[in-house]
Amino acid sequence: MMKSPTLASLLLLLYAGFLAPFTMPAQAQDWQSLFNGKDLSGWRELNGAHKWEVRDGMIVGSTVPGQPNGFLCTEQQFGDFVLELEVSVDTLMNNSGIQFRSKSYPEYKNGRVHGYQMEIDPKPQQWSGAIYEEGADRGWIYPPEKMGPEAKAAFKRDDKNGYQWNHYRIEAVGPIIRTWVNGVPVAHLEDDRYLRGFIGLQLHANNENDPQGSFSIRFRNIRIQQGSLELTPMEDQVPVVSLLPSSRAPRPKNALSLRIDQDQEAARIEVYAADKNRPVLTQRALPDQRPYLHPILAPDGKGELTEYRPDHHPHQTGIYWGLKRVNERDFFMNWNRDYWRRISASVQPDSGETVRWQTVYEMLDESGEVLMVETQNWSLQAYADRYVLDLEWQGEAKKEVLMGKFYVGGLFVRMPWVPETICEILGASGQEGMELEGQRAIWSDIGIKLDGREDFARIAILDHPDNAAFPTPWRVDSQMGLGPSRQILGDWGLAAGESETIRYRLLIYTGEEDKALKAEVWKDFFGGN
């Protein structure tokens, strides 16, 4: 690839310091090896026709003169991850790189590999660790000019003593991308063009004015971590380059004054905004039915964003929590009768910029005994154009319980839907619609065009890094119902007396998808406390 040291586009620095720094809590998580040390199983070459072989536990790529840039790529796709590997490169090679979240489609430049690349640079200019957009239009997106002297000096060139191994680390979560070379932080980029793709090892063709011959690059100890990620804080060690789009219109910064009322007899809690004469949100908490939120009014007042018991899924009740296969008992499909018993429903305080309420229910087994006590703590902030709705769910087991593996179970959102509905679901890792089914993402956004609206009404669900399944996989049904579900990953359980806490944030807004707003709200969910 021909790289120019000039900036390919105007870097938008409006988010410098935004989303940074944060640390996701350490959680038990295994590394997955991407290279077995014996052969190239799980890898394929794209674009060039160079020589790739396995030697002494290394992947060794050697240039074939006259061939274009080549890439040895994983057959597997990755969204959010931490990647580590070691690399050693011949000093006379032009350069190389680590592709990630990359793509190759026949209809795009005859299959040209394109996506993010972390630079491997043996030349005296010392650009290793910077980020380039390979095969597309922007060129350097975290340019070498942003690198400090320590970052430039981190890469070790092969010398008279032989191979000099360099430890590379890439962390990519949602739009946040960060790189290290030999433990030295190099780049902190915010960009959302590529959120999922393969990982590739580049073998760069030498240019006409470079030394000619067959040169080699070596890779070893290639491993990746997904799931509950422990990310490394960068503090203020490197400048942040943000290419995220700004919000399409200035967002109001002042929260509205809210009032919360409770009607004990009707088992109803209602939240009113100062400028509205009907509740913006209603919580129903009946004595022998599962608690649920419905209706929720669009922030501009035009339409209801939730639906209660539609014909296509009569068990779906607005926004609700329902686990499947709790000791083989189904609390997702069954919303009333002998499954639920209310203990309490309460509000606090009764007014202000943030209102809070709580419901506590017993989940009953076939004989009427208590399996688990479920507590839902909700809070709401409202602005002229959006709501921020938080849920802290806690389950306390009264006897040993097992939540069996299933494709759904937990928080679920039912927005209005008929076959003619125009709608979309977008995942943070690049999935769209049913592609998201069973896949992990730190957030997902469902948009539906309600009757009387030209734009989308949206509910985005944001996962919390403290959740045991983070990033949690998602259930998407064919009528665009959406919810994160830990049960997709397999069985999980609680011993008698044990508790589990799970947190989500819902961003309710209208219009086109606003990634910058979601990123800000997600960061504040765990990093701004």
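Modeller: Gladly, and please keep in mind that this is a predicted model. Rings of Phe, Tyr and Trp are said to pair if their centres lie within 6.5 Å, and in this structure ring pairs link Phe81, Phe100, Tyr116 and Tyr194 into a cluster.

Biologist: How many aromatic pairs does the structure hold, and what makes the pair of tyrosine 292 and tyrosine 308 stacked?

Modeller: The structure holds 20 aromatic pairs. For tyrosine 292 and tyrosine 308 the centres are 4.9 Å apart and the angle between the planes is 25°; because planes under 30 degrees apart count as stacked, this pair receives that name. Tyrosine 292 belongs to strand β20 while tyrosine 308 sits in the loop between β20 and β21, so the pair ties together parts that are 16 residues apart in sequence.

Biologist: Why is tyrosine 292 called buried, and what is tyrosine 308 called?

Modeller: Buried means under 20% relative accessible area, and tyrosine 292, at 7%, therefore counts as buried. Tyrosine 308 has a value of 29%, and since exposed means over 50% with partly exposed in between, tyrosine 308 is partly exposed.

Biologist: What makes tryptophan 321 and tryptophan 393 a stacked pair?

Modeller: Their centres are 4.6 Å apart with 10° between the planes, and the limit for stacking is under 30 degrees, so the two are stacked. Tryptophan 321 lies in strand β21 and tryptophan 393 in strand β26, so this pair joins parts that are 72 residues apart in sequence. Tryptophan 321 has a relative accessible area of 2% and is buried, and tryptophan 393, at 0%, counts as buried too.

Biologist: How do you know that arginine 259 lies over the face of tyrosine 272?

Modeller: Arginine 259 is at 4.4 Å from the ring centre of tyrosine 272, and the rule asks for CZ of Arg within 6 Å of the ring centre and within 35 degrees of the ring normal. Arginine 337 likewise lies over the face of tryptophan 335, at 5.9 Å from the ring centre.

Biologist: What makes a space a cavity, and which residues line the second largest cavity?

Modeller: In a cavity a 1.4 Å probe fits but cannot get out, and a search of the whole structure finds 4 cavities of 30 Å³ or more. The second largest cavity has a volume of about 50 Å³, and its lining includes Trp321, Leu323, Trp492 and Tyr504. By class, that lining has 7 nonpolar, 3 polar and 1 charged residues.

Methods. Residues numbered from 1 in each chain as written. Predicted model: local features only at pLDDT ≥ 70, side-chain atom pairs only at ≥ 80, totals over all residues. Heavy atoms only, no water. 1 Å grid on protein atoms, 1.4 Å probe; cavity = no way out; pocket = protein on both sides within 12 Å on 5 of 7 lines; lining within 4 Å. Points joined across faces, edges and corners; volume = space filled by probe spheres on them. Nonpolar A, V, L, I, M, F, W, Y, C, P; charged D, E, K, R; others polar. Phe/Tyr/Trp six-rings, centres within 6.5 Å; stacked < 30°, edge-to-face > 60°. Helix = DSSP H or I, 4+ residues; strand = E, 2+ residues; numbered from the N terminus. Buried < 20%, exposed > 50% of the residue type's maximum accessible area, 1.4 Å probe, protein only.
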